[in-house]
Amino acid sequence: MTAATVEAPKAPEAENRRIAPVSWKSAVTLGVVTALFAVLLLVAPHAGDARFALSTSGDFFIIPVIVVPAMGTAWGCLVLAALAAVGAGLFTARGLRTPAWVPGVAAFAILLGFLSWAAAGSPRDLSIVGLLSGAVLLSVPLVYGALGGVLSERAGIVNIAIEGQLLAGAFTAAIVGSLTDSPYAGALAAVLAGMLVSLVLGLFTITYHVNQVIVGVVLNVLVIGLTSFLYSQVLVPDAATLNTTTRFPRVGIPLLENIPVIGPVLFDQTIIVYLMFVAVGLVWFALFRTRWGLRVRAVGEHPLAADTVGIDVVRTRYNALLWAGAVAGLGGAFYTVVSLSQFNREMTAGAGFIALAAVIFGKWHPVRAALAGLLFGFASNLQSVLSVVGSPVPSQFMLMVPYVVTILAVAGLVGRSRPPAAEGIPYVKG
Amino acid sequence: MKKAVALTALAGVAALTLAACGAAPEEEPGAGTTSAAASDFVPCMVSDEGGFDDKSFNQLGFEGATKAADELGTELTSVESASAADYKGNLESLVSEGCDTIVTVGFALSADTVESATANPEVEYVLIDDAADNDFDGQKDAENIKPLLYNTAEAAFLAGYLAAGYSEAGKVGTFGGQNFPTVSIFMDGFKQGVDHYNAEKGTAVEVIGWDGTDGSFTGGFQANETAKTTAKNIIDQGVDVILPVGGPIYQSAIAAIEDSGREIALIGVDADFYETDPTTQEIVLTSILKGMDVSVYEAVLAAGQDEFDAEAYVGTLENGGVDLAPLHNFEDKVDPTLVEEVAALKEAIIAGEVEVTSYLAE
């Protein structure tokens, strides 16, 4: 018996070893991107200096505006990126996994090179602080939405309704925030609104086993319709009392906020933004370090097994879904008590779907999904900042940048994205 | 369980009813009795996605059409489109309601309006803010459409001149929703006005966000964080006047101005913001007016009196179709000589002494 069991698995094990443990994907992607960048520099050289501003007035010390010769910098960055691509190729050829810093260096080099190229010859400073702080703010609803998505999908419920949760949150926060004059009450109401959307989603998908994708889509349409209808019938005629919120003030963290570059970007924000960073950590901790998280993941992967060991699948799924709604709803509050002081028809403009994409290319992991949201926010602001500085790229093309970056990141740098096994499958107790 | 199903069904019915409320033509029979000469003329209007409360062309067009209908002693039949998919169906249902004149709004409805107009040659169409020329041959695509166009570049030119003179920083900014001709015409006229000021005064006031051919766009017409960061990025360059072009995105600009903590003046578009949105009163320098209410009113009134002509209308400073709003709160903050110069410039543009280029200027 023992001899047999030792002998038998040997063959498949050897076979497994022969399968290449690393793929050429990242090396090829880096090579292609580097080549594209080289073509850009060759076809459209762009002489002049690029000016980067790193400081704001409140910093400990002022870094002067950095002026670099654009094309020289761009070519230098290109060489660095090419080296990284070759490095990735060498690692792969040796059968080693490419360390994360290699694509990191390449991405940074290409970004810097692209910025120098795009800002060349412009008399205006390209504000790095503006670029980064705008990126953080643009990604706030995406990160909250993605966290909500991760929470519910880990429990096995496809959450197409993130858009609806964000919009319901924004709408409720606007009304309650206006009536009470307190952004805190608005944010709390947004949390409840998100949970309400979740509850409806749960009722249909968990209790009545309806197809989760269909319910999610229908819920989005319902929330868009309801909020637009109520907006024009109720909020517009009485905008002064129902649709004029007090916004959360920015609260700088003493000392930290004076650090150049990082200070104004990370430590001079509103409480909703600070909460976002906390929420990423909390969701990660809850999912991977607590008994609750283990149960949530169990019902998402194999509800029957979870049920067999005594976990109440229905209850656990509802629980995770409600938390998901709460988080996404809070993200919705960002629109009306942080960003603007009023609600507008369909103001989320598809952010929920971008958040859904962030969930998938963050591989259903809270930290990775949050980073994906940040990446998208960064790319969005990049196009805005460059158009202000006066980039040679047509604005219509620049508006595509966030989506192109997302596709490249998903297709090229992220490996196989595996959803929770039981996602989308209603659990019917047999 | 049974109860829950019943509740669900009820919720579904409620949702459907609400949806129906949003889309059905609003008719109030009997309201026409206030007018002396009740008429059987049926004026109709369909909005684009923005809805009739967009504080822009839908709303202004709606006001104009309602006023004309009241005067004619009839009732305006209106349909709000919830999405672009509704345009065609809404137009069809208005035609089958027996509409005589249908007012449609904007570039987005252009193709469907042309299609409906070609299929129903006996119905008259008024298309706001679009030339109805989707094959770009310089001719409108159906005989029975009256396009209402506005050469807002002329009024924006005045605003640009005013902004350049008002700006202490020597930098003014602008950004738009999307790079449509009806949006960029504001930005381009604005820049021409600033350039004119520079040429006259030998100054070097900079325009940020529009370089004459391309500029800053948010990619949509929603007031949200995207529009706000775009405004912020422009404000970060040190401008003290900003012109956001495109429906509600000015609200994002206002939030960005508040966050910056600086004194930055806003220039409104389409309607006089001071009147339409009182929250802007403290910061709105002036507004570039696009007289859509007046021209729609005139077109519908003419149609009701059987005097419909399908000739394209082009609003200019000369015929009052476009104009610059009063300065209101900024009257004492702007140098009186600058105000006089702007008034003189207006006369010069009307007289053709100063040329403003735009896609609508012959």
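View 1. Helix 4 (residues 110–119) of chain B lies across strand 3, strand 4 and strand 5 (145–150) of chain B, and the helix runs at about 170 degrees to strand 4 of chain B. Such angles run from 0 to 180 degrees between N-to-C directions, with axes fitted to C-alpha atoms, for helices over the stretch in contact. Helices (H or I, at least four residues) and strands (E, at least two) are DSSP runs, numbered from the N terminus. Please keep in mind that this is a predicted model, in which local features need pLDDT of at least 70 and side-chain atom pairs count only at pLDDT 80 or more, while totals for chains, interfaces and linings use all residues. Residues are numbered from 1 along each chain as its sequence is written, and chains are lettered from A and ligands numbered from 1 in the order in which they are written.

**View 2. The parallel sheet of chain B has six strands.** This open sheet has the order 2-1-3-4-5-11. Strand 2 (77–79) and strand 11 (313–315) of chain B stand at the edges with a single partner strand each, so one side of each has no neighbour in the sheet. On average, neighbouring strands are turned by 15 degrees against each other, direction ignored. Inside the sheet, strand 3 (residues 101–105) and strand 4 (residues 124–128) of chain B pair in the parallel sense over five bridges; pairing requires that DSSP finds at least two bridges. Val103(B) has Val126(B) in strand 4 of chain B as its bridge partner. Helix 3 (residues 87–96) of chain B also packs on the sheet, where it touches strand 1 (43–46), strand 2 and strand 3 of chain B. The direction of helix 3 of chain B makes about 170 degrees with that of strand 1 of chain B.

**View 3. Chain B is divided into two domains.** Domain 1 covers 36–150 + 291–321 and domain 2 covers 152–290 + 331–351; the bounds come from an automatic or database domain assignment. Their C-alpha centres lie 29 Å apart. Contact between them takes 15 residues from domain 1 of chain B and 16 residues from domain 2 of chain B, where contact means C-beta atoms, placed from the backbone, within 7 Å.

**View 4. Helix 4 of chain A packs through its buried residues.** With 24 residues (70–93) at 1.5 Å a residue, helix 4 of chain A should span 34 Å, and its end C-alpha atoms are 34 Å apart, which agrees. The expected span is 1.5 Å times one less than the number of residues. Its buried residues include Ala70(A), Ala74(A), Cys77(A) and Leu78(A). A residue is buried if 20 or more other C-beta atoms, placed from the backbone, lie within 10 Å of its own. The packing partners are helix 3, strand 1 (49–53), strand 2 (66–69) and helix 5 of chain A. Just after helix 4 of chain A comes Gly95(A), with a positive phi of about 80 degrees.

**View 5. Domain 1 and domain 2 of chain A are in contact.** Domain 1 spans 21–124 and domain 2 spans 134–413, with C-alpha centres 31 Å apart. The contact takes 18 residues from domain 1 of chain A and 14 residues from domain 2 of chain A. On the domain 1 side, the elements giving two or more residues are helix 3 (25–43) and helix 5 (101–119) of chain A.

**View 6. Chain B meets chain A.** Here 34 residues of chain B are in contact with 34 residues of chain A. Helix 7 of chain B provides the largest share of the chain B side, eight residues.

How values were computed. Contact = placed C-beta atoms within 7 Å. Buried ≥ 20, exposed ≤ 12 C-beta atoms within 10 Å, placed from the backbone.
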